[in-house]
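Below is a short report on a predicted model.

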Amino acid sequence: MRLKSIKYKIVLSFLVASLIPYIASIFLVFKKGEEHIINNIIDQQYSQITFLKKTILRDFNSLHTELSFWSENQILNDILVDDIDKRIQKFLFSIKENKNIKGILFVTNASGMIISSTEKSLIGKNIPLNYLENYFSDIHYFEPLNKDILKLSVPVYSSFQNQKIGYLVLALYPEYFSQYTFSTRNSINSIYNRKNRLFIGSEIPVPKDIKDEGYFEFGNFLTIYKKIDDTYLRDWYILLQLNKESIFLPLKSMEIIFTVVALSGVGIILILSAVVASRLVKPVRLLTETADHISKTKDYSIRVSIESEDEIGILAKAFNNMLSEIQSALEKIKQENRERLRLFTKLIEIINKITSANSEIEVINIVTQELEGFLNIKKVEFTRERRSSGVNIPVNTESLKGFIHFDLKRDITSEEEQFLKSIGRMINLYIERLELLHKAQSASRAKSAFISNMSHELRTPLNSIIGFAQYLQMAETDEENIKAAKSIELAGRHLLDMINDILDFAKIEAGAVKVNKRSFPVKKLIDEISAMVQPLIQEKGLKLILPEITDTVINTDYRLLKQVLLNLLSNAVKFTEEGYIKIDIRKDNGKIYFSVIDTGIGISKENIGKLFKDFTQLENPLQKKYKGTGLGLAISKKYIELLGGEIYAYSEGEGKGTKFEFYIPLK
């Protein structure tokens, strides 16, 4: 085909070589220009959105402040008397008119009955006190108005007795936020509540997984957003949608200019490259035909004849010289290849035998037997001492130490010596591999036997206990018995979880346990574990002291943290005969600290360092009657490290109680 001709390839090469830098520069200019424009627009709009966010929050805070101020007006003392409607009603309408409030103002008495309102249909209706006492409620459906509202409420106190006599409430319509929105030809601003998927202003397509701030593209629009996260307004967003065509209009004009210039350049390059290519094609074609003939006939005696003094002539002479060198070198290469193939085949056989060996001595025997006669080697043997002649390859592993000695028929080159050393390194590595394999197999068998026995011995009775507890919950009618059965089930399930954690011990060592973080209140965790250990606490007549700080929300793995606390509490109950067990919680510098303190048998100071070792129980006379696997604290320590924290133990000595403390990050 003509398209395969060197002439067309040269033309194409000139074209590509000339256009690629040009096209690449155009692409980079437009790409960087587009990125620069977008980044500038995003930065500018972020500033505008941030300012708008501050304005909204400032106005909303001011609205609540004014509501508190209005609640102190002496007119509201009329709540206490019978003739309450006129002055308060006039007062509420005056506020709404002066402040242009988009919503309803109403006043209730202390029992929650609406006694005055700018919406007369509300008068006489009762509002739950817990709804009024919560000073702010985000957007929700308000049944008395049959409408979605945001609610601000403040208590009203009498001016002479300082006694709560009612509530002043502002039921704010979502349209309140429309004052902060706008819509133009190329941009739209909206306020969006993600929880209720409510838009104030124009509706804009919004993905479900938006973050606190960022931007996304939809069709021909770029939308920039920022979350309003405040005491009052949560899960509200400010959205700003821009038309990308208006943003990139200047770039479109530049694209047209660059395209015209590029097309003109293509025409000029095609003409010039065609002229140059025609002058190069003829001698190159002759070289190509000669090379093609040689490749088909394998006749390297042919020579090309080109009588020119330029680079093509020099190339022809070099081509002829190359043919002469190839002709003489081919015979030598054939001979060397036969020898290399023989040596390579022999080496592969030796390596296969070494890799199939099952012991270190077998590896040495294969080497000493098979390498004799290989690469002019007279004799191979394993020695404890270095020999003065030949080549000595050290073997230095845990089970074997000595030298592989090669007695040679002749002096060898440095490359051959390096090759023998490489064989020696391979032997060392394979012997070390065998040693590690034997150790790993032994350890794996021991661990597998332990895990298998634990699984069989513990799962069967625990499943029976859990099943019986479930049966009792269905069969019993007495509330106390059902509650007790439920506690048994919870404790049994916890023990089953603990067995699973023990079975996962090998996974912990291998780094296969994954941390699944989620946010939850500490109170939920404390309530659950205290309910699970309460039967054991009551059975031993102990006292459980719970922490005061339980309203904190943390972000960590609930299951792992629960397992650690239950391990520590179970140990505390086990080793405490009288007194109390205390759970303490404190926060400090972005961390949360948990402490479990007991008045039990205590730990000697020399035994503190042994607590967190695998399968370890302390040699304490007071502990002989207590049995366990010795895994609880070791697993707890590994879990805490997975959660990004550390665990410590403290004790003043035997009989003086114990304190276990650990910390993890709050987030």
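## The largest nonpolar core

The largest nonpolar core holds 46 residues. Within this core, Ile 56, Phe 60, Leu 150, Phe 177, Leu 233 and Trp 236 touch the most other members. At least two residues come from each of helix H1 (6-71) and helix H2 (85-99). The strands that each supply at least two are E1 (103-109), E3 (136-142), E4 (147-157), E5 (164-172), E10 (221-228) and E11 (236-243). H1 gives the most, with 12 residues.

Take Phe 177. Leaving aside residues up to four places away in sequence, Phe 177 touches Ile 56, Phe 60, Leu 150, Ile 191, Ile 200, Leu 233 and Trp 236.

## A separate core

Another core lies apart from the largest one and has 42 residues. Its members include Leu 525, Ile 529, Ala 572 and Ile 583.

## Helices H11 and H12

Two packed helices are described by the angle between their axes and the distance between the axes. For helix H11 (residues 522-539) and helix H12 (residues 558-574), the axes come within 10 Å and cross at roughly 30°. Angles under 35 degrees count as roughly parallel, so H11 is roughly parallel to H12. Their crossing is right-handed.

On the H11 side, the contact uses Lys 524, Leu 525, Glu 528, Ile 529, Met 532, Val 533, Leu 536 and Ile 537. H12 meets them with Tyr 558, Leu 561, Lys 562, Leu 565, Leu 566, Leu 569 and Val 573. By class, this contact of H11 with H12 has 12 nonpolar and 3 charged residues, and no polar ones.

Conventions: Residues numbered from 1 in each chain as written. Predicted model: local features only at pLDDT ≥ 70, side-chain atom pairs only at ≥ 80, totals over all residues. Heavy atoms only, no water. Axes fitted to C-alpha atoms, helices over the stretch in contact; angles between N-to-C directions. Helix = DSSP H or I, 4+ residues; strand = E, 2+ residues; numbered from the N terminus. Parallel < 35°, antiparallel > 145°, perpendicular 65-115°, else oblique. Left-handed = near helix turned anticlockwise from the far one by under 90°. Contact = heavy atoms within 4.5 Å. Nonpolar A, V, L, I, M, F, W, Y, C, P; charged D, E, K, R; others polar. Core = buried A, V, L, I, M, F, W, Y, C linked by side-chain atoms within 4.5 Å. Buried < 20%, exposed > 50% of the residue type's maximum accessible area, 1.4 Å probe, protein only.
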